[in-house]
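Subject: Structure handover

Hello,

Here is the structure I promised to pass on. Please keep it open while you read my notes below.

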Amino acid sequence: MRRNSGQILRPTIKDVAKQAGVSAMTVSRVVNQHDNVSEAARRAVNDAIAKLGYLPNKAAANLQSVSSHTVALLLPDLSHSLFHDMYRGLNSVMEEAGYLVLIGESHYDIAREAAMAKSMLAWRPDGFVFSNMLRDSTTLRLLKESGVPVCLLSDPELGSDKMVVGYSSYRIGAAVARFLFRMGRKRLGFVRSTQPYTRNTERMLDGARSVLAEFPTHAIEMIGMPKTSPLTFEDGAAVVRSLHDGTRTACDALMFANDVPATGAVLECLRRGIRVPDELAIVGFGDSELAAQISPALTTVHIDSQSMGRAAGRLLLAHMHQDDWKPRAEEIEFRLVLRDTT
């Protein structure tokens, strides 16, 4: 690298051409993997690139290319294993197809989400994968108006006029509540974040409430946590303390939408001598590695989120490369993983 007035100047395509003894056009052809370059020239250019540490300017190349070979991914919380695995699944498909995944994290902030979507669209991605969890439609409207193919990571039952991959939050809520009531629990505490209340959580609560018709003497108590991202053990511990000190109506079961606070609730029960699951049953969501390692091990909901990411990648590639594209949706199945806390 060269220095000019204290600034580092990265090697340019002209520097590579001079080092290799070829034209800048030849360097461009080698970088973009064109066939009409002699083997000797290709070796000279690659040697020069390695010696100088030259990095092609992809942003500039995009201005002259129909395809940027990039795909944008906007998620709410990468600290959640569910979303991290979605990224890994998507990246495995896109990388194999020659695409780079640009990733952004909104922290469940509506304004940040829209701003990040605008910034990512400025890079002219060939496709966009978006976790449509927030109730505000600003980002989704922005993506639709961009004309970029968009795959939603969302609840298929919420509907989409393009393509969507996800799990049924409603069916998950109903399955967990029915399981807990059938095992003899009478009052379920549905623990949710309050900033903001996401569409998936809303559907999960609706699903849990739907089984009350089968159990008329039972009840579901909503319990709010004051933040959304990142959730911590302490958030779950605070829920247990509020039940134990009488701040909230007593429950004999807790259902969390995230394994992290659910784990914190289990640990707080151990500190306070609350017998799990005899006095309080606890169910998490996400089936993180920690869920199986704590003692008592955490009952949780498993979603194959890597498969969810891979499915999104396949749908997006099909949309990008097919003229006769038709809207479609894929639902990812879930399973309740029964362990010691129930």
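How are H10 and H11 oriented to each other? They are oblique to each other. Angles under 35 degrees would count as roughly parallel, over 145 as roughly antiparallel, 65 to 115 as roughly perpendicular, and the rest are oblique.

First, some ground rules. This is a predicted model: local features need pLDDT of at least 70, side-chain atom pairs count only at pLDDT 80 or more, and totals for chains, interfaces and linings use all residues. Residues are numbered from 1 along each chain as its sequence is written, and side-chain values use heavy atoms, with hydrogens and water left out.

Helix pairs

Helices (H or I, at least four residues) and strands (E, at least two) are DSSP runs, numbered from the N terminus. Axes are lines fitted to C-alpha atoms, for helices over the stretch in contact, and angles run from 0 to 180 degrees between N-to-C directions.

Start with helix H10 (residues 233–244) and helix H11 (residues 259–272). Their axes come within 6 Å and cross at roughly 50°. The crossing of H10 and H11 is right-handed. A crossing is right-handed if the near helix is turned clockwise from the far one by less than a right angle, and left-handed if anticlockwise. On the H10 side, the residues in contact (heavy atoms within 4.5 Å) include Phe 233, Val 240 and His 244. On the H11 side they include Val 260, Glu 268 and Arg 272. The contact of H10 with H11 divides into 7 nonpolar, 4 polar and 5 charged residues. Ala, Val, Leu, Ile, Met, Phe, Trp, Tyr, Cys and Pro count as nonpolar, Asp, Glu, Lys and Arg as charged, and the others, Gly among them, as polar.

Next, helix H1 (residues 13–20) and helix H3 (residues 39–52). Their axes come within 8 Å and cross at roughly 120°. H1 and H3 are therefore oblique to each other. Their crossing is right-handed. Asp 15, Val 16, Gln 19 and Ala 20 in H1 meet residues of H3, including Ala 44, Ile 49 and Leu 52.

Then helix H8 (residues 169–182) and helix H9 (residues 199–210). They pack at about 40°, with axes 6 Å apart. That makes H8 oblique to H9. The crossing of H8 and H9 is right-handed.

A cavity

The whole structure has 2 cavities of 30 Å³ or more. On a 1 Å grid over the protein atoms alone, a cavity is a set of points where a 1.4 Å probe fits but cannot get out; lining residues have an atom within 4 Å of a point. Grid points are joined across faces, edges and corners, and a volume is the space filled by probe spheres set on the points. The second largest cavity holds about 50 Å³. Its lining includes Leu 82, Phe 83, Met 86 and Asp 155. Helix H5 (residues 81–96) gives the largest share, 3 residues. The lining has 7 nonpolar, 3 polar and 1 charged residues.

Most residues other than glycine have a negative phi, and most peptide bonds are trans. Now look at these spots. The bond from Val 276 to Pro 277 is cis, with omega near 10°. Pro 277 sits in the loop between H11 and strand E11 (281–283). Ser 295 and Pro 296 are also joined by a cis peptide bond, with omega about 5°. His 69 is not a glycine, yet has a positive phi of about 55°. His 69 lies in the loop between helix H4 (58–64) and strand E3 (70–75).

Best wishes

Technical notes: 1 Å grid on protein atoms, 1.4 Å probe; cavity = no way out; pocket = protein on both sides within 12 Å on 5 of 7 lines; lining within 4 Å.
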